[in-house]
Amino acid sequence: FQSRSIGSSNEDTSTMLLSVIDDEDERYRGCEPLRLSCPSCTNTFECPAVSSLIASLSDPNEGKDATVNFWRRMRCPRCPDDTDECRVSPAVLANQIKRQADNFINRYYKGLLMCDDEGCKYSTHIVNLRVMGDSERGTICPNYPQCNGRLVRQYTEADLYRQLSYFCYVLDATRCLDKLDQKMRLPFEKEFAVLNQTISSAFLEIQRIRDRCAFGWVQLTDLAVSI
Ligand SMILES: [Zn+2]
Ligand SMILES: [Zn+2]
């Protein structure tokens, strides 16, 4: 394995930086992205995780094709540069992430139930069921005895928790930086310190929502996500 030992330190660094981002991407696969809407033109765009800033800061070609990382300017990518109204302020960011978290929480509470028997296709909303009973293990399908299936949640508490954890991850600048070792962290520290101040209120808000949800649930033991 000659090639392994020859690899330049530069390559090692970028591999390491990429791995920081990749394993999180894997963990939150299937989560919906954080979507921000521009206060000026109301266009929506996907907000990348703060960890994407690390890759962007270490890429000398960044910005040449007009796709500057969102976190460097925190403004709508479609509005012209000379307008200030399209800036995503700390308050706007906190409001929008809270609203989206609320939507996911509503989706959970209005939960769509579907029969787990593929041939049955019965579905209903939890609010339509008089007695919800033990929803986690599934209520017996109303088509019984023709169907032996059980009604199970389409959107589970694990889904919700993972989604809210993903939003936390998107804004968690401290944790992102902590994953780099001391030496590699250095070039990013200043930028992240500034960023941290800007996004801290939104981050604390989404963390609070996530933790409150977790607290409300009895069964958190079978979660796929470890914190
Ligand atoms: Zn805009
Ligand atoms: Zn059924």
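## Starting from helix α5

Q96 sits in helix α5. Is Q96 buried or exposed? With a relative accessible area of 9%, Q96 is buried, because the cut-off for that label is anything under 20%. Setting aside its neighbours within four places in sequence, Q96 is in contact with R35, L36 and S37. Strand β1 covers residues 34-37, and helix α5 spans 90-109.

This is a predicted model, so everything here is read off computed coordinates.

## The chain as a whole

Stepping back, the chain has eight helices and six strands. Going along the sequence, the pattern reads α-α-β-β-α-α-α-β-β-β-β-α-α-α. The chain has 227 residues, and 39% of them count as buried.

As for contacts between residues at least 6 apart in sequence, 65% join residues at least 24 apart.

## The zinc site

Which residues hold the zinc ion (ligand 1)? Its protein donors are the SG atoms of C38, C41, C76 and C79, lying 2.2 to 2.4 Å from the ion. Their spacing in sequence is C-x2-C-x34-C-x2-C.

C41 is partly exposed, at 29% relative accessible area, while C79 counts as buried at 11%. The angles among the four donor atoms of the zinc ion (ligand 1) run from 102 to 118 degrees, and the site is tetrahedral. For reference, the ideal angle for four tetrahedral donors is 109.5 degrees.

## A four-strand sheet

Four of them make an open sheet in the order β4-β3-β6-β5, with antiparallel pairing. The edge strands are β4 (123-125) and β5 (139-140), and each pairs on one side only.

Strand β5 is joined to β6 (residues 150-153) by two bridges, and the two run antiparallel. Across that pairing, I140 stands opposite R150 in β6.

Most residues other than glycine have a negative phi, and most peptide bonds are trans. A few spots here go the other way. Where is the cis peptide bond? The bond from Y144 to P145 is cis, with omega near 5 degrees. P145 belongs to the loop between β5 and β6.

Two residues other than glycine have a positive phi. T42 has phi near 60 degrees and lies in the loop between β1 and β2 (44-47). T42 is exposed, with a relative accessible area of 59%. K121 has phi near 65 degrees and is placed in the loop between β3 (112-115) and β4. K121 is exposed too, at 65% relative accessible area.

## Aromatic pairs and a cluster

How many aromatic pairs turn up in the whole structure? A search finds nine. One of them is Y28 with Y169: the ring centres are 5.2 Å apart and the planes meet at 25 degrees, so the pair is stacked. This pair links distant parts of the chain, as Y28 is in the loop between α2 (9-27) and β1 and Y169 is in helix α6 (residues 157-171), 141 residues apart. Y28 counts as buried at 6% relative accessibility, and Y169 is buried as well, with a relative accessible area of 8%.

F104 and Y155 form another stacked aromatic pair, at 6.4 Å centre to centre with 25 degrees between the planes. F104 lies in helix α5 and Y155 in the loop between β6 and α6, so the pair ties together parts that are 51 residues apart in sequence. Both F104 and Y155 are buried. Ring pairs also link Y28, F104, Y155, Y166, F167 and Y169 into a cluster.

Notes. Residues are numbered from 1 along each chain as its sequence is written. Chains are lettered from A and ligands numbered from 1 in the order in which they are written. This is a predicted model: local features need pLDDT of at least 70, side-chain atom pairs count only at pLDDT 80 or more; totals for chains, interfaces and linings use all residues. Side-chain values use heavy atoms; hydrogens and water are left out. Two strands pair if DSSP finds at least two bridges between them. Buried means under 20% relative accessible area, exposed over 50%, partly exposed in between (1.4 Å probe, protein chains only). Contact means heavy atoms within 4.5 Å. Donors are N, O and S atoms within 2.8 Å of the metal (3.2 Å for Na, K and Ca); water is not among the atoms, so sites may look incomplete. Four donors count as tetrahedral if all angles lie between 85 and 135 degrees; four count as square planar and six as octahedral if opposite donors are over 155 degrees apart and all others between 65 and 115; anything else is irregular. Rings of Phe, Tyr and Trp (its six-membered ring) pair if their centres lie within 6.5 Å; planes under 30 degrees apart count as stacked, over 60 as edge-to-face and the rest as tilted.
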